[in-house]
Amino acid sequence: DPATAPIDMTDWSCYTDSSSGREYWHNSATRQTLWNHPEKQRELDRAKAAAAPPLLQLRLLQLCNYRK
């Protein structure tokens, strides 16, 4: 199941934002950028979807389904 499989970190790189000093993650294949580690972000997205009203849960999970 892609939603529960480990994220392939091949295309992800960690950088430091020069303004804030915070680390961020960038996927060179998808051009997605995250403040959180991709695995952590997936956990946060799942928690957000679980807390949503039932009618929104499926759509949120679809939107947050990471393939990499």
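A residue is called buried when its relative accessible area is under 20%, exposed when it is over 50%, and partly exposed in between, with a 1.4 Å probe and protein chains only. Of the 68 residues of the protein, 18% count as buried. The model is predicted, so local features need pLDDT of at least 70 and side-chain atom pairs count only at pLDDT 80 or more, while totals for chains, interfaces and linings use all residues. Residues are numbered from 1 along each chain as its sequence is written, and side-chain values use heavy atoms, with hydrogens and water left out.

**Overall fold**

The protein contains two helices and three strands, where helices (H or I, at least four residues) and strands (E, at least two) are DSSP runs numbered from the N terminus. Along the sequence they follow the pattern β-β-β-α-α. The three strands form an open, antiparallel sheet in the order 1-2-3; two strands are taken to pair if DSSP finds at least two bridges between them. Strand 1 (12–16) and strand 3 are the edge strands, each pairing on one side only. Strands 1 and 2 run antiparallel and are joined by five bridges. Trp-12 has Asn-27 in strand 2 as its bridge partner.

Contacts, meaning heavy atoms within 4.5 Å, also describe the fold. Among those in the protein with a separation of 6 or more, 34% come from residues 24 or more positions apart. The protein exposes about 5,000 Å², of which carbon and sulfur atoms supply 54%; accessible areas come from the Shrake-Rupley method with a 1.4 Å probe, and for residues only the protein chains shown count as cover.

**Aromatic side chains**

A pair of aromatic rings is described by the distance of the centres and the angle of the planes. Rings of Phe, Tyr and Trp (its six-membered ring) pair if their centres lie within 6.5 Å; planes under 30 degrees apart count as stacked, over 60 as edge-to-face and the rest as tilted. A search of the whole structure finds two aromatic pairs. In one of them, Tyr-24 and Trp-35 have ring centres 6.1 Å apart and planes at 75°, so this pair is edge-to-face. It links distant parts of the chain, 11 residues apart: Tyr-24 belongs to strand 2 (residues 23–27), and Trp-35 to the loop between strand 3 (33–34) and helix 1 (38–51). Ring pairs join Tyr-15, Tyr-24 and Trp-35 into a cluster.

Side chains of opposite charge can pair when their charged atoms come close. A salt bridge is a side-chain nitrogen of Lys or Arg within 4 Å of a carboxyl oxygen of Asp or Glu, and the count by this rule is one. The side chains of Glu-39 and Arg-42 form it (3.2 Å, N to O). Because they are three residues apart in helix 1, about one helical turn separates Glu-39 and Arg-42.

**Accessibility of selected residues**

| Residue | Relative accessibility | Class |
|---|---|---|
| Tyr-24 | 24% | partly exposed |
| Trp-35 | 44% | partly exposed |
| Glu-39 | 25% | partly exposed |
| Arg-42 | 5% | buried |
| Cys-64 | 22% | partly exposed |

Cys-64 lies in the segment after helix 2 (54–63). Cys-64 and Asp-45 are 19 residues apart in sequence, and their C-alpha atoms are 6.3 Å apart in space.
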